[in-house]
Amino acid sequence: MKLKVSLATVFLLLAFKGSSQEVTNTKFGKGIFNVIAKDSSWSMKFSARMQFLSTTQWDIVDDNFGKAQSNFLVRRARLKFGGFAYSPKLQYTIELGLSNRDISGASEFTSNAPRYILDAVIKWNFYKNFTLWAGQTKLPGNRERVISSGNLQFVDRSRLNSRFNIDRDLGLQLRHHFKIGKQFLIKEAFAVSQGEGRNVTSGNLGGHQYTSRLEILPFGNFLSKGDYIGSAIKREETPKLALGFTYDYNKDAVKTRSNLGDYMVTDTGFYTTDITTFFADAMFKYKSFSFMGEFAHRDADDAVAVQEDGITPTGDVVNVGNALSLQAGHMFKNNWELAGRYTSINYDAIVNAAFEERYTIGLSKFIVGHKLKVQTDLTYITEAGIARDLVYRLQFDIHF
C-alpha cells in the first residue's frame with residue numbers, strides 16, 4: 001500500500017509541476033517521460049518494463065519422458081527512475097521490482113518486508129574519469145549478471161550465474177577508466193559492501209565484502225555499450241572484444257553463496273567463513289556474430305558449517321566449485337537470431353552434488369531491439385552424464 005501511495009505521489013507532483021518543467025519528446029523504448037528542470041538543475045526519466053514467461057518441463061527417467069509440467073509467470077515487472085540532481089556529474093538510479101519473483105525473500109533480516117528495491121544508487125563523477133557510487137546496486141561481478149535482464153540473449157541467464165553470481169549489495173563503489181593510445185581502453189572497479197545481499201536492514205552479521213574488477217577493451221568501446229548487451233543488435237563494423245576479471249572476497253560470510261543463498265544458522269548464532277569468488281569473462285562482437293564466455297570459481301576456508309563445538313555439522317555447505325558458460329549467436333538481416341549455449345557446473349565433492357551440464361538452443365525475434373522482443377529456448381539437462389530434464393521456455397518482453 002505504501003508503495004502505491006508513493007508512486008501516486010510522484011505522478012501527482014510531476015503533473016502539478018508540468019507548467020514549470022520542460023518535457024522532452026520520447027519514442028518507444030526510450031522511457032515514458034523525461035523531465036528536465038528549466039534551470040537544468042535536475043532531471044528525471046521514468047520507464048517501465050514487463051516480461052511474461054511460459055515454461056514447460058519434462059522429467060527424463062531411464063530415457064523416457066514424464067508428463068509435461070507447465071507454468072505461466074509474470075517473470076519481471078519493474079519501474080525505473082533515473083537522471084541527475086544539481087549537476088550532470090551527480091546521477092541517480094532507482095529501480096523497483098513488483099513481480100512476486102522480484103519481491104520474494106522477505107525475512108527477519110529485511111524487517112519481514114517485501115524486497116521492492118532493486119537499485120537505489122547515487123553516482124558522483126567527482127574528478128575526471130573517477131566516479132563514486134553509493135547505495136544499493138549490482139556489484140562489479142560476472143558480465144552476465146551485470147547485463148540487464150532485459151538485454152539478455154536468451155530467455156534468462158545461465159546456470160553459472162544462478163549458482164555463482166554475487167548480485168546486488170549495499171555499499172560503496174569506485175570506478176575509473178583510461179585509454180592507452182587511441183583505442184585501447186581499461187576499466188577498473190572496486191567495491192566495499194555489507195556482504196549479505198539487497199534490502200538487508202538488520203545490520204552487518206559477518207564481515208564485509210570486497211570486490212575488484214578489471215576490464216580490457218583492446219579495440220575500444222562497443223557501439224551503444226554493447227559489451228553489456230546480449231546479441232549483435234548493433235552489428236559492429238569492426239571486431240570488438242571485452243575481457244573481464246573479477247575477484248570477490250567476503251570476510252566472515254554468513255550465507256552459503258557468499259552474499260546469496262541460505263543463512264548458515266547455528267544453535268546460538270551464525271556460522272561464518274571467508275568466501276572467495278573469481279570470474280573471468282569475455283564478450284566478442286563482429287557484424288552479425290556475437291560470443292560471450294564466462295568462468296566462475298568459488299572457494300571457502302571451511303565450507304562445511306558446524307555448530308559452536310566445531311564438530312557437529314549444521315547441514316549447510318558453502319556452494320564451492322566452478323562453472324563454465326559459453327554462448328554464441330548469429331543475427332539475421334530480418335532481426336531473427338539463432339543462438340546456442342553450453343553450461344557446466346562442477347561442484348567440489350564436499351557439496352555432494354552431481355556434475356551438471358546444460359545445452360540450450362534459442363530463437364529470438366527482435367521487433368524493436370531488446371525493447372520489444374519474443375524469445376524462446378529449449379534446454380537439455382544432464383546430471384553425471386544422465387539425462388534429467390528437457391525445458392522449453394517462451395517469453396515476451398516489452399520496455400517503455
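**Close-up views of aromatic rings**

**View 1. Trp124, Phe126, Tyr127 and Phe130 form a single aromatic cluster.** This is a predicted model, in which local features need pLDDT of at least 70 and side-chain atom pairs count only at pLDDT 80 or more, while totals for chains, interfaces and linings use all residues. Residues are numbered from 1 along each chain as its sequence is written, and side-chain values use heavy atoms, with hydrogens and water left out.

**View 2. Phe126 and Phe130 illustrate aromatic pairing.** Searching the whole structure gives 15 aromatic pairs. The ring centres of Phe126 and Phe130 are 6.2 Å apart and their planes meet at 40°, so this pair is tilted. (Rings of Phe, Tyr and Trp, the last by its six-membered ring, pair if their centres lie within 6.5 Å; planes under 30 degrees apart count as stacked, over 60 as edge-to-face and the rest as tilted.) Phe126 is partly exposed at 38% relative accessible area, and Phe130 is partly exposed at 29%. (Buried means under 20% relative accessible area, exposed over 50%, and partly exposed in between, with a 1.4 Å probe and protein chains only.)

**View 3. Tyr359 and Tyr380 make a tilted aromatic pair.** Their centres are 6.3 Å apart, with 35° between the planes. Tyr359 belongs to strand S21 (residues 356-368) and Tyr380 to strand S22 (residues 372-383), so the pair ties together parts 21 residues apart in sequence. (Strands are DSSP runs of E, at least two residues, numbered from the N terminus.) Tyr359 is partly exposed at 37% relative accessible area, and Tyr380 is partly exposed at 34%.

Notes:
Helix = DSSP H or I, 4+ residues; strand = E, 2+ residues; numbered from the N terminus.
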